[in-house]
Amino acid sequence: VEGVNIKIRAGEIYGIAGVEGNGQKELAETIIGLRRADGGDIKVLGKSVKDLSIRERRDLGIAFIPEDRHKQGLVLPMKVWENAVLGLHRKKDFYRAPSLDVKNAERFCRTVVEEYHVSLSSIRQAVEGLSGGNQQKVILGRELSQNPVFIIAAQPTRGLDIGASEFVYSQLLKLRKEGKAILLISADLDEVLSLSDRVGVMYGGK
């Protein structure tokens, strides 16, 4: 990524288009903290987050919908309820030293399942047994339940059917209406153009 300068406003979707492999993934991972920035700065509501941990960035209101839900969004052999609190498990609602408060975590998961229309047989089944669309809904419910101010949505409908894709679109548009700032990264040009208020194209890291 070279000299990328983006300002994303509250209540808008900023879409990044372009052929994959031109820095989109690196940009998203640097913002959330999976990669360390060599220079420049990253600010959320005027506060620099460049030197903060992923946990600290999330606590400030950054949500991350990764492009690869299997490698970065979920732990496939783990139960649905466990995946629903990944990254949230140290919050006081779910953590009772020295272990998780399973009852509260399961209660939260049932709320996610209901609000995001996740189709499953049990919250105690392995998340790998769900369809791709329902796996994505688990991620959406987990990330968006914390009332974030900024959402990174990277390839949010990859591998999903039309129904699941439309659900994801409706959630992003709802968030925009609520005044959230959203960075949408997608290789689907129609998706970018139909959802975004402004569009940038990445090529060669610029």
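Let me start with the second largest pocket, where helix H2 (54–59), helix H3 (69–73) and helix H6 (132–144) each supply at least two residues of the lining. Helices, as DSSP runs (H or I) of at least four residues, and strands, as runs (E) of at least two, are numbered from the N terminus. This is a predicted model, in which local features need pLDDT of at least 70 and side-chain atom pairs count only at pLDDT 80 or more, while totals for chains, interfaces and linings use all residues. Residues are numbered from 1 along each chain as its sequence is written, and side-chain values use heavy atoms, with hydrogens and water left out.

A pocket here is an open set of points on a 1 Å grid over the protein atoms alone, with protein on both sides within 12 Å along at least five of seven lines, and its lining residues have an atom within 4 Å of a point. Volume is the space filled by probe spheres set on the points, which are joined across faces, edges and corners.

The second largest pocket holds about 250 Å³ of space. Its lining consists of 13 residues, and those closest to the centre are Ile 54, Arg 58, Phe 64, Gln 72 and Arg 142. Helix H3 contributes the most to that lining, with 3 residues, and by class the lining has 6 nonpolar, 3 polar and 4 charged residues.

The largest pocket, in turn, has a volume of about 1,000 Å³. Its lining is made of 32 residues, with Ile 6, Ile 31, Asp 41, Ile 42 and Lys 43 lying nearest the centre. Helix H1 (residues 24–32) gives the most to this lining, with 4 residues, and H1, strand S2 (43–44) and strand S8 (181–185) each supply at least two.

Let me turn to the interior. A nonpolar core is a set of buried Ala, Val, Leu, Ile, Met, Phe, Trp, Tyr and Cys residues joined through side-chain atoms within 4.5 Å, where buried means under 20% relative accessible area, exposed over 50% and partly exposed in between (1.4 Å probe, protein chains only). The largest such core has 36 residues, and those with the most contacts inside it are Phe 108, Cys 109, Tyr 116, Leu 140, Ile 151 and Leu 172. Helix H7 (162–177) gives the most to this core, with 6 residues.

What do the buried residues of H7 pack against? Their partners are strand S1 (12–17), H6, S7, S8 and helix H8 (189–195), and the buried residues themselves are Ala 164, Ser 165, Phe 167, Val 168, Tyr 169, Gln 171, Leu 172 and Leu 175.

Finally, two loop residues. His 117 is found in the loop between H5 and H6, and Asn 147 is found in the loop between H6 and S7. His 117 has a phi near 55°, a positive value in a residue other than glycine, and phi of Asn 147 is likewise near 55°. Most residues other than glycine have a negative phi. Are they buried or exposed? His 117 is exposed, with a relative accessible area of 53%, and Asn 147 is also exposed, at 53%.

Definitions and conventions:
Contact means heavy atoms within 4.5 Å. On a 1 Å grid over the protein atoms alone, a cavity is a set of points where a 1.4 Å probe fits but cannot get out, and a pocket is an open set with protein on both sides within 12 Å along at least five of seven lines; lining residues have an atom within 4 Å of a point. Ala, Val, Leu, Ile, Met, Phe, Trp, Tyr, Cys and Pro count as nonpolar, Asp, Glu, Lys and Arg as charged, and the others, Gly among them, as polar.
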